[in-house]
Amino acid sequence: MNNELIAVIVAAFLAVFILVVATVFLLLIRPWLQVFLSGGKASPLTILAMRLRGMPVKTICDAYVMIVHCGVAVDINQIQKAYLMGADVDKLARAVCFAKQNDEPFVWDDLVATAIEDNSRR
């Protein structure tokens, strides 16, 4: 009986440990891995900071990956800042890619200001 109780306790701790590892993987490592494999630069601490601020990590990471694939040098912190200022970062990423594909000169801050204006009109 004593050995069975120990086995149940060990199994419970192991199950909790696996649950915690899976949660950390889904919330932190998966977005970081997506950014890393796309050629972007973001640390797991950056992802954690976004989570703690209550920011939509998937939306920001997807926008960053799209911008990186277009070949534009933008930092993930700039995208976070644009989101906090009220810009729709998905539309902003598409606008950056569109401007890059059409060889139109653009300034990041001007695109952010335009995205904020468009978002505030709604």
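Buried means under 20% relative accessible area, exposed means over 50%, and partly exposed lies in between, with a 1.4 Å probe and protein chains only. I note that this is a predicted model, in which local features need pLDDT of at least 70 and side-chain atom pairs count only at pLDDT 80 or more, while totals for chains, interfaces and linings use all residues. Residues are numbered from 1 along each chain as its sequence is written, and side-chain values use heavy atoms, with hydrogens and water left out.

**Entry on the aromatic pair.** I searched the whole structure and found 1 aromatic pair, where rings of Phe, Tyr and Trp (its six-membered ring) pair if their centres lie within 6.5 Å, and planes under 30 degrees apart count as stacked, over 60 as edge-to-face and the rest as tilted. The ring centres of W32 and F36 are 5.2 Å apart with planes at 15 degrees, so this pair is stacked. I located both residues in helix α1 (residues 2-37), 4 residues apart, about one turn of the helix; helices here are DSSP runs (H or I) of at least four residues, numbered from the N terminus. W32 counts as partly exposed because its relative accessibility is 22%, and F36 is partly exposed at 48%.

**Entry on D103.** I looked up the backbone of D103 and found a positive phi of about 55 degrees, although D103 is not a glycine. Most residues other than glycine have a negative phi. D103 sits in the loop between α5 (89-101) and α6 (108-120), and I recorded D103 as exposed because its relative accessibility is 68%.

Note on methods. Helices (H or I, at least four residues) and strands (E, at least two) are DSSP runs, numbered from the N terminus.
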